[in-house]
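Here are a few friendly notes to read alongside the model. Please keep the structure open as you go through the points.

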Amino acid sequence: MEKVKNYLCLVSCFGLLIFSACEEKVLFDFDEQLTLELAEIDNFLSRNSLSADILDNHARLNIINEGNGNQIQEGDTVDFLYSLYLLDSTLVQSNRAEFEPIANQLQWYTSDTLSFIAYPGAFDIPTQDWFTLGMSLSQEQSFLTLFLPSYLAFGSSRSFIIQSNTPVMADFEVLQIRR
């Protein structure tokens with residue numbers, strides 16, 4: 001009987017050891033997670049020889065085309081194109097016609113130029129989401145790319161494409177501002 005107890009104890013300990021070894025490490029510390037994501041973004045920028053300004057909210061901004069200087073103001077209607085990617089260049093979401101075949105498979109395609117109405121106070125929110133942040137930095141006829149830590153994009157939520165705490169990049173092209 002003693003041998004059976006020892007054997008069961010050994011098997012139980014071994015099972016617990018295997019279970020704990022397979023457990024994924026989850027980071028709950030915001031600063032530690034942010035540091036890892038910013039290193040991943042900076043590594044991507046470096047590997048691709050891209051320069052980017054660092055914004056106060058930790059996002060990286062690469063302006064491809066400055067635009068004509070017309071800033072988005074409260075009450076404006078903004079016609080724009082956008083695409084959202086993972087840092088491995090996997091398309092996540094887009095309204096650009098050239099991505100329609102891919103994005104339709106994902107069911108995340110909007111088939112036309114989108115319009116955004118800049119409501120009062122829209123750009124005053126301290127922790128803006130990726131979309132509002134992109135609009136707040138844009139000018140008419142500008143094209144820019146934002147590299148975003150997860151807390152500005154999808155955070156700890158998860159989908160079939162985006163894992164939780166995943167940094168993303170988003171490009172915005174403002175076609176027209178209507179007052």
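1. Eight aromatic pairs are counted here, where rings of Phe, Tyr and Trp (its six-membered ring) pair if their centres lie within 6.5 Å; planes under 30 degrees apart are stacked, over 60 edge-to-face and the rest tilted. This is a predicted model, in which local features need pLDDT of at least 70, side-chain atom pairs count only at pLDDT 80 or more, and totals for chains, interfaces and linings use all residues. Residues are numbered from 1 along each chain as its sequence is written, and side-chain values use heavy atoms, leaving out hydrogens and water.

2. Take Phe-30 and Tyr-151: their ring centres are 5.3 Å apart with planes at 70 degrees, so this pair is edge-to-face. Phe-30 sits in helix α2 (residues 30-47) and Tyr-151 in the loop between β6 (143-148) and β7 (168-178), 121 residues apart. Helices (H or I, at least four residues) and strands (E, at least two) are DSSP runs, numbered from the N terminus.

3. How accessible is Phe-30? Phe-30 is partly exposed at 46% relative accessibility, and Tyr-151 is partly exposed at 30%. Buried means under 20% relative accessible area, exposed over 50%, and partly exposed in between (1.4 Å probe, protein chains only).

4. The rings of Tyr-82 and Trp-130 have centres 5.8 Å apart and planes at 45 degrees, so they are tilted. This pair joins strand β3 (residues 77-86), with Tyr-82, to helix α4 (residues 130-136), with Trp-130.
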